[in-house]
Amino acid sequence: MKIDLILRHEDFLAKHGRGRTAIVIDVLRATTSIVTAIMNGVSSIVPVMTSEEAFRMREKHGYLLAGEENGLMIQGFDFGNSPLEFERNRVKGKTLVLCTSNGTKAIVKASAAEEVVLASFLNASSVAASAARLGRDVVILCAGTIGQESLEDTVCGGMIADALGGELSPNALEARRLFLKHKDDVLNCLRDSFHGQDLIKLGFAKDLEYASQVDKTDVLPVLDENGTIVGKKFERGET
Ligand code: MLT
């Protein structure tokens with residue numbers, strides 16, 4: 001199995017997904033929030049590239065809107081993008097439309113792949129195990145932060161590359177090296193990151209504590225044939 005890793009969504013082309021399983025990562029905070037909403041019973045999540053698209057979907061379907069600009073809730077939306085907002089009593093059985101600066105752009109682009117699974121530290125080992133079970137070559141797509149590589153996404157990608165093993169590309173090898181350096185202190189890795197420091201300044205320090213939890217769940221958010229995110233669960237015993 002060949003494992004490639006792309007450091008920011010701006011570098012992802014459709015050819016990178018062809019015949020592969022794509023694992024999309026945006027630790028702070030899009031994929032962490034998606035995993036949390038699915039743990040709390042959301043019915044589905046529609047990732048979009050622009051807030052205009054989100055408002056159109058509310059008008060047409062009455063869906064709830066979630067998302068951020070510069071880390072803060074988009075005006076007129078129902079939720080921002082803090083994982084702590086996606087509580088069971090607010091999201092159970094609902095459909096959300098999600099619009100974020102980097103994460104949802106990466107997810108929409110990755111839909112060129114055979115299968116798309118979303119990862120964060122919360123579900124990293126289950127994602128790796130499910131990708132291994134699928135047996136296809138893998139491309140790990142880190143969302144990055146406004147065109148920059150992001151430490152937190154690369155370290156999470158390195159954790160998954162380490163778990164998958166196989167033939168790692170130079171980027172995947174470098175990401176694994178970073179993971180081995182930070183694996184015993186993920187919270188401080190998030191606090192040291194460029195976007196982590198922004199979020200702390202905005203008052204979201206608790207989001208970093210929450211996002212730094214490793215393997216809290218077996219939830220597997222995947223993209224269905226309509227480009228909508230739905231939840232699957234990784235069944236350990238199954239072959
Ligand atoms: C992103 O997509 O860039 C992030 O999820 C933004 C954030 O939630 O701070």
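Visitor: Hi! What kind of model is this, and how are residues numbered?

Guide: It is a predicted model, where local features need pLDDT of at least 70, side-chain atom pairs count only at pLDDT 80 or more, and totals for chains, interfaces and linings use all residues. Residues are numbered from 1 along each chain as its sequence is written, and side-chain values use heavy atoms, leaving out hydrogens and water.

Visitor: How far is Asn102 from the ligand?

Guide: A polar side-chain atom of Asn102 is 2.5 Å from a ligand oxygen atom. For Arg29, a polar side-chain atom lies 2.8 Å from an oxygen atom of the ligand.

Visitor: And how much of the ligand gets buried?

Guide: Alone, the ligand exposes 260 Å², and the protein buries 99% of that (Shrake-Rupley method, 1.4 Å probe).

Visitor: New topic: what is the salt-bridge partner of Arg29?

Guide: Arg29 pairs with Asp207, with the closest N and O atoms 2.9 Å apart. A salt bridge means a side-chain nitrogen of Lys or Arg within 4 Å of a carboxyl oxygen of Asp or Glu.

Visitor: What does that pair tie together?

Guide: Arg29 is in the loop between strand 2 (21–25) and helix 2 (30–39), and Asp207 is in helix 11 (residues 205–211), so the pair ties together parts 178 residues apart in sequence. Helices (H or I, at least four residues) and strands (E, at least two) are DSSP runs, numbered from the N terminus.

Terms used
A polar contact is a pair of N or O atoms within 3.5 Å; within protein, one must be able to donate a hydrogen and the other to accept it, and residues adjacent in sequence count only if both atoms are side-chain atoms.
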